[in-house]
2 protein chains.
Amino acid sequence: MTIEKEYSTKLAVDEVTIDRRDIEMLDAIDQHGSMHKAADRLGRSYARLQNRVVEIEDAVGPITERKRGGSGGGGTVLTETANELRRQFDRHEAELDGVARVTESVFPGTVRERTGELATVETAIGSILALVPDDAHAVQVTVRSDAVVLTDPDETPQADDTSLRNQFTGPVTAIESGDAITRVTIQLGTDSPLQALITNASATRLGLETDQPITASFKATAARAIHLESDRRV
Amino acid sequence: MTIEKEYSTKLAVDEVTIDRRDIEMLDAIDQHGSMHKAADRLGRSYARLQNRVVEIEDAVGPITERKRGGSGGGGTVLTETANELRRQFDRHEAELDGVARVTESVFPGTVRERTGELATVETAIGSILALVPDDAHAVQVTVRSDAVVLTDPDETPQADDTSLRNQFTGPVTAIESGDAITRVTIQLGTDSPLQALITNASATRLGLETDQPITASFKATAARAIHLESDRRV
DNA sequence: TGACGTTGTATCCCCATGGATATATCGCTG
DNA sequence: CAGCGATATATCCATGGGGATACAACGTCA
């Protein structure tokens with residue numbers, strides 16, 4: 001059973017929520033210069049597509065300049081508002097895509113001291129400072145592998161000097177290199193690997209080798225806990 | 001017009017995709033011990049709910065032990081598979097939630113050298129090493145504010161010593177403190193602010209003050225570019 | 001042995017989404 | 001001034017998801 005993380009990107013603007021389909025609609029209008037052609041290419045009905053444009057404009061203001069008559073019968077071009085929507089959507093989707101692609105390291109633990117949304121969580125590898133939901137006690141802390149910074153243990157500044165509040169040292173157990181990115185696995189507890197994504201350049205600069213100790217740091221704001229009690233949502 | 005980032009969490013397991021509604025169903029079954037009561041509490045029809053359980057089990061294997069007859073007429077309890085699904089969903093949702101909450105800093109630029117999925121992007125604040133999609137030229141680079149590490153400029157190690165490949169120094173222009181987290185805004189170009197989320201403890205340790213210079217670093221794997229050409233999806 | 005509260009199905013129907021179709025309307029161009 | 005290709009809008013209908021309902025089957029317990 002392989003579980004894949006999925007998501008769907010949305011932007012909520014006042015009353016409407018804009019999804020991928022809307023953005024594809026805008027793209028098609030932009031590319032073909034008319035809603036009619038856009039509907040054709042997308043295999044959608046013109047009527048619904050036109051309705052949707054009006055619906056969105058009611059909420060966010062003009063996203064198109066629509067002309068009828070004239071040479072070629074008229075046409076539709078996007079406004080800057082529409083382009084900003086497209087860019088914002090793309091940025092959001094890129095971030096969500098990052099979440100779905102990146103591996104995460106999981107550490108079960110219990111909440112100790114809490115201040116606001118932050119708390120220290122006692123785990124098998126030691127204390128982790130993380131974002132913890134309210135009234136959570138038994139938790140799992142997840143750390144995104146693209147948020148883990150690796151340094152040479154001999155030259156690592158004290159955690160006090162940076163805003164990297166979590167710092168752990170352990171032996172490298174696996175190194176997988178891709179075109180540009182290397183995935184490094186570090187053994188911290190008896191069975192608690194921490195993964196880090198770094199550039200190949202960083203990997204060679206650090207002179208990574210398996211079994212060699214390395215220091216992994218990550219920010220408290222990049223570590224998130226979920227709580228394990230089952231009846232939290234009901 | 002305020003735009004809010006939204007998302008919906010899903011797990012794709014072989015043939016089915018499990019969404020929030022399914023997880024809430026599992027929670028309710030777990031809490032009430034029977035599918036009937038769960039359906040009642042959720043305001044759903046028993047028939048559909050039961051169908052959905054079977055549907056999911058066809059794909060992922062047993063997620064419930066369902067008994068009929070016996071004292072109390074029977075009942076349903078979740079399997080460990082179901083609990084693992086719930087935990088995985090929660091972890092995924094926590095990460096997506098992080099994306100939607102966290103502010104991002106945006107830098108327009110053009111792609112220079114590329115190696116695999118990584119490329120250097122020339123921006124108003126200088127070169128940024130980031131994850132860049134294929135065949136992109138004009139791009140926007142986004143940096144999550146929870147991935148930005150702040151250090152004292154005088155004591156900052158050379159970027160070469162760490163896997164923090166992007167490093168910029170500029171004056172602090174805004175400091176907003178919450179219960180546990182402080183949001184710091186740093187001026188880099190003429191109109192390119194970079195935001196960072198750090199713990200209040202880190203903020204006081206760094207002795208942050210407005211107009212005072214600070215060094216902000218972030219990993220290449222935490223910077224993502226989108227491309228600006230409009231007809232990419234069609 | 002019957003009562004009871006489950007699980008297990010099958011059928012009907014409501015309703016929202018969205019395509020299909022038809023009909024105006026508009027305004028430049030030949 | 002008619003033609004054309006676009007926008008604008010209303011109506012009908014196919015489809016699917018899911019609630020409502022009904023009825024069996026099951027197994028412990030009084």
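1. By class, 4 nonpolar, no polar and 6 charged residues make up the lining of the second largest cavity. The model is a predicted one. From chain A, the lining takes R144(A), D146(A), A147(A), A222(A) and R224(A); from chain B, it takes E95(B), R144(B), D146(B), A147(B) and A222(B). The volume of this cavity is about 80 Å³, and the structure holds 4 cavities of 30 Å³ or more.

2. Helix α2 of chain A covers residues 35–42, and its buried residues are M35(A), A38(A) and A39(A). These residues sit on the same side of α2(A) because they cover an arc of only 100 degrees around the axis. The face turned away from that buried side carries D40(A) and R41(A), both exposed. The cover over the buried residues of α2(A) includes two helices, α1 (20–32) and α3 (46–60), and two strands, β3 (64–68) and β4 (74–78), of chain A.

3. The two ends of α2(A) can be taken in turn. At its start, the backbone nitrogen of H36(A) has a side-chain oxygen of S34(A) within 3.4 Å. Just after the helix, G43(A) has a positive phi of about 70 degrees.

4. L85(A) belongs to helix α4 of chain A, residues 80–101. L85(A) counts as buried because its relative accessibility is 1%, and the cut-off for buried is under 20%. Apart from neighbours within four places in sequence, L85(A) is in contact with L11(A), V13(A), I18(A), I23(A), V60(A) and I63(A), and also with I3(B) from the other chain. I63(A) lies 22 residues away from L85(A) along the chain, with 9.0 Å between the C-alpha atoms.

5. K5(A) is placed in strand β1 of chain A, residues 3–13. Is this lysine, K5(A), buried or exposed? K5(A) is buried, at a relative accessible area of 17%. Its side chain reaches the backbone oxygen of V99(A) at 3.3 Å, and a polar atom of that side chain lies 3.0 Å from the backbone oxygen of V102(A).

6. The contacts of K5(A), leaving aside neighbours within four places in sequence, involve both chains. In chain A they are V99(A), A100(A), V102(A) and E104(A); in chain B they are K10(B), L11(B), Q88(B) and H92(B). R165(A) is 160 residues from K5(A) in sequence, and their C-alpha atoms are 28 Å apart.

Terms used:
Residues are numbered from 1 along each chain as its sequence is written. Chains are lettered from A and ligands numbered from 1 in the order in which they are written. Side-chain values use heavy atoms; hydrogens and water are left out. Buried means under 20% relative accessible area, exposed over 50%, partly exposed in between (1.4 Å probe, protein chains only). Helices (H or I, at least four residues) and strands (E, at least two) are DSSP runs, numbered from the N terminus. The arc is that of the directions from the helix axis to the C-beta atoms. Contact means heavy atoms within 4.5 Å. A polar contact is a pair of N or O atoms within 3.5 Å; within protein, one must be able to donate a hydrogen and the other to accept it, and residues adjacent in sequence count only if both atoms are side-chain atoms. On a 1 Å grid over the protein atoms alone, a cavity is a set of points where a 1.4 Å probe fits but cannot get out, and a pocket is an open set with protein on both sides within 12 Å along at least five of seven lines; lining residues have an atom within 4 Å of a point. Grid points are joined across faces, edges and corners, and a volume is the space filled by probe spheres set on the points. Ala, Val, Leu, Ile, Met, Phe, Trp, Tyr, Cys and Pro count as nonpolar, Asp, Glu, Lys and Arg as charged, and the others, Gly among them, as polar.
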